[in-house]
Amino acid sequence: MSYNFPGRHAQPSWDDSSSTPPWGPSVPPQQQSQQYPTQQYPTQQYPQQQPPAWHQHATPQPPPQQWQQPQNGPSPEDRRWAYLRHSAGTSLRGINAIHVTRALERLHSRDQPLAPHGVTLFFITEAPSQHLGYQVLSASRWGYAGPEYDNLVAFLTGLNATAQTFITQHEKADRVWDPRDPDYLMVNVGDIQRPSTPTRYVGIGMETLNTDTRQWYDVVPVLLSSGISSLQAMSYVPGEGAALLVDGSEIRVVRDDNKRGRGNDLICNNPLDATQVYSTTQNVPERFGGQLRQAWPAFQELAKTLADHLNPHGQVW
């Protein structure tokens with residue numbers, strides 16, 4: 001849309017009683033015929049010009065059909081997917097906050113400290129009493145502080161190798177490996193116990209206590225010397241996460257109580273609210289912090305390994 005309003009561009013009239021036109025005095029007929037032969041200058045040499053296109057007030061075109069909200073509202077499938085994306089994002093943000101409290105508790109004990117990174121698997125199960133008839137379950141993996149888990153890329157690469165090993169072993173026996181299987185466990189926090197109702201894998205998330213503004217191991221001495229409680233630490237220590245669902249949804253999670261506005265925000269390349277068709281963000285990985293952006297390719301490999309085995313057709317409902 002242009003905000004340049006058309007001005008008055010009408011040409012001044014030279015048909016008044018002025019004795020001298022702007023192009024000079026009149027030439028006598030004899031001189032005019034000698035200097036400017038009539039046959040060399042046709043009468044219609046200069047056709048009348050049309051007004052420029054930008055002077056015309058065109059009728060605004062309606063927005064493309066794909067961006068219009070359906071007249072009958074979003075479909076039940078649209079509502080289920082939007083709720084699933086939002087639930088996965090808020091769940092990952094909550095897990096990241098709990099990660100802070102558990103890590104601080106272990107710092108005050110003799111237990112081995114936790115690494116600043118974690119991975120969360122998302123499942124859904126039928127729940128007629130719940131909103132939209134299903135419930136989102138999450139099971140996470142937190143590693144102990146050390147070279148294997150302190151580096152997010154190495155952490156994800158190691159989990160991918162472990163998953164591929166378990167998958168190969170189960171495929172030889174014509175079985176499907178479940179990351180919550182006690183004998184082949186990949187997760188250690190959250191909804192580890194499988195419910196009595198069938199569940200379906202729908203995606204994976206990664207979260208970290210390292211951000212571009214504050215690194216976990218730089219914060220640890222401050223936490224230990226200040227006597228801050230684990231609940232207070234959730235507000236003091238920020239975090240970030242990312243999720244990738246089987247429908248291709250890419251979600252970024254931000255948790256930072258020290259920032260106003262979008263200090264606690266979710267963005268996604270698909271709607272997080274089925275009634276808001278414009279609430280999407282393109283190129284979500286470009287919005288990640290430095291560590292998540294660097295680890296994104298390894299995270300995609302792990303997500304593909306799990307999806308190809310646990311939900312190869314991306315079927316959810």
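Two residues are in contact when heavy atoms of theirs lie within 4.5 Å. Of the contacts in the protein with a separation of 6 or more, 67% join residues 24 or more positions apart.

This is a predicted model, in which local features need pLDDT of at least 70 and side-chain atom pairs count only at pLDDT 80 or more, while totals for chains, interfaces and linings use all residues. Residues are numbered from 1 along each chain as its sequence is written, and side-chain values use heavy atoms, with hydrogens and water left out.

**Overall make-up**

The protein has 7 helices and 7 strands. These are DSSP runs numbered from the N terminus: helices are H or I with at least four residues, strands are E with at least two. Their order along the sequence is α-α-β-β-α-α-β-β-α-α-β-β-β-α. Of the 317 residues, 38% count as buried. Buried means under 20% relative accessible area, exposed means over 50%, and partly exposed lies in between (1.4 Å probe, protein chains only). The accessible surface comes to about 20,000 Å², with 49% of it belonging to carbon and sulfur atoms. Areas come from the Shrake-Rupley method with a 1.4 Å probe; for residues, only the protein chains shown count as cover.

Rings of Phe, Tyr and Trp (its six-membered ring) pair if their centres lie within 6.5 Å; planes under 30 degrees apart are stacked, over 60 edge-to-face, and the rest tilted. The count comes to 7 aromatic pairs. Two of them share Phe-166.

| Pair | Centre to centre | Angle between planes | Class |
|---|---|---|---|
| Phe-166 and Trp-177 | 5.7 Å | 55° | tilted |
| Phe-166 and Tyr-184 | 5.3 Å | 80° | edge-to-face |

Phe-166 is in helix α4 (residues 152-172), and Trp-177 is 11 residues away in the loop between α4 and β3 (189-190). Tyr-184 is in the loop between α4 and β3 too, 18 residues from Phe-166. Ring pairs link Phe-166, Trp-177 and Tyr-184 into a cluster. Phe-166 and Trp-177 are both buried. Tyr-184, at 26% relative accessibility, is partly exposed.

His-170 also belongs to helix α4. Its relative accessibility is 2%, so His-170 counts as buried. Beyond neighbours within four places in sequence, His-170 contacts Arg-175, Val-176, Trp-177, Asp-181 and Tyr-184. Asp-174 sits in the loop between α4 and β3. Asp-174 has a positive phi of about 55° although it is not a glycine. Asp-174 is exposed, at 74% relative accessible area.

**Charges over rings**

A charge sits over a ring if NZ of Lys or CZ of Arg is within 6 Å of the ring centre and within 35 degrees of the ring normal. Arg-180 lies over the face of Phe-123, 3.9 Å from the ring centre. The charged end of Arg-214 sits over Tyr-236, 4.7 Å from the centre of that ring.

**Helix α7**

Helix α7 (residues 290-310) has 21 residues and should span 30 Å at 1.5 Å a residue; its end C-alpha atoms are 30 Å apart, which agrees. The expected span is 1.5 Å times one less than the number of residues. A kink of about 50° lies at Trp-296, shortly before Pro-297. The bend is the angle between axes fitted to the seven residues ending there and the seven starting there. Among the buried residues of α7 are Leu-292, Trp-296, Phe-299, Leu-306 and His-309. Their cover includes β1 (114-126), α4, β4 (199-208), β5 (239-245) and β6 (250-255).
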